[in-house]
Amino acid sequence: YAEDISIEDALKNIEALALKYNPDSDLVSELDEPGNWHDWKGLKYLLYEYEEHLAGTRTVRIPWEKLEDKKAKQNSIEHILPQTPKKGYWTTNFTKEQRNDCTHDIGNLTLTFDNSSYGRKDFADKKGSPGQANPCYANSPIFMERELAALKDWNYINLEKRRKKIIEWVIQRWKIELEQEESQILNVSDDDLEDIEDDIFHDEN
């Protein structure tokens with residue numbers, strides 16, 4: 001940015017360019033099917049922002065600094081349906097195909113303080129009850145875990161409902177809305193786009 005245009009205009013043009021190269025329709029399409037979110041580097045940040053969304057005016061109890069601390073392994077991502085489930089509850093509630101598709105999906109992932117404590121436990125044990133000594137969703141200071149504690153069961157239907165809710169929030173959170181003059185960028189030629197990019201990212205050298 002070389003101050004050839006105002007910061008406000010530069011930001012507006014960046015938003016328009018983002019939509020030119022990655023339209024909202026493409027984003028919605030990519031999010032429409034279950035996938036492996038667990039290996040995505042931005043997962044913790046996304047879940048942290050979702051936790052802030054659930055908190056509303058309340059204080060988020062898991063600071064971002066703790067999530068970034070690689071030494072604090074207990075402050076990490078919990079698979080509600082375990083990665084290596086025991087036979088019984090989990091194999092009854094989820095078919096093999098569903099487990100393959102959804103284990104690492106955003107609908108099955110939550111922030112936690114107690115990842116090592118939950119392990120491969122059944123949902124009832126992970127959910128727990130208020131006041132119990134062992135870590136559980138019901139006693140968690142994390143709002144998304146408290147939401148899980150309100151569920152009677154964890155199955156494919158509830159996973160899909162939670163997935164849909166999070167995806168709808170993601171789309172609204174990062175949706176780009178352009179004013180009419182900005183939307184004209186979506187229809188310009190590649191040569192004109194290069195000129196716009198030069199205006200934004202002009203290198204004085």
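This is a predicted model: local features need pLDDT of at least 70, side-chain atom pairs count only at pLDDT 80 or more; totals for chains, interfaces and linings use all residues.

Analyst: Residues are numbered from 1 along each chain as its sequence is written, and side-chain values use heavy atoms, with hydrogens and water left out.

User: What pattern does the chain follow along the sequence?

Analyst: Helices (H or I, at least four residues) and strands (E, at least two) are DSSP runs, numbered from the N terminus. The chain has 12 helices and 2 strands. Read in sequence order, the pattern is α-α-α-α-β-α-α-β-α-α-α-α-α-α.

User: What percentage of the residues in the chain is buried?

Analyst: A residue is called buried under 20% relative accessible area, exposed over 50%, and partly exposed in between, with a 1.4 Å probe and protein chains only. Of the 205 residues in the chain, the buried ones make up 36%.

User: Why does threonine 103 count as buried?

Analyst: Threonine 103 sits in the loop between helix 6 (96-102) and strand 2 (109-112). A polar atom of its side chain lies 2.5 Å from the backbone oxygen of arginine 99. Threonine 103 counts as buried because its relative accessible area is 7%.

User: Which residues does threonine 103 touch, not counting those up to four places away in sequence?

Analyst: Contact means heavy atoms within 4.5 Å. With residues up to four places away in sequence left out, threonine 103 touches His79, Leu81, Pro82, Gln83, Gln98, Asn108 and Leu109.

User: With which side chain does the side chain of histidine 79 make a polar contact?

Analyst: Histidine 79 is found in strand 1, and it is buried, with a relative accessible area of 5%. A polar contact is a pair of N or O atoms within 3.5 Å; within protein, one must be able to donate a hydrogen and the other to accept it, and residues adjacent in sequence count only if both atoms are side-chain atoms. For the side chain of histidine 79, the partner at 3.5 Å is the side chain of glutamine 83.

User: How many Å separate the side chains of aspartate 105 and arginine 163 in their polar contact?

Analyst: Aspartate 105 is found in the loop between helix 6 and strand 2, and it is buried, with a relative accessible area of 0%. Leaving aside neighbours within four places in sequence, its contacts are Pro34, Gly35, Trp37, Leu159 and Arg163. The polar contact between the side chains of aspartate 105 and arginine 163 is at 2.7 Å.

User: Which elements give two or more residues to the lining of the second largest pocket?

Analyst: On a 1 Å grid over the protein atoms alone, a pocket is an open set of points where a 1.4 Å probe fits, with protein on both sides within 12 Å along at least five of seven lines, and lining residues have an atom within 4 Å of a point. The lining of the second largest pocket includes His38, Trp40, Leu43, Trp64 and Ile77. The elements that give two or more residues to this lining are helix 3 (43-55), helix 4 (64-68) and strand 1 (76-79).
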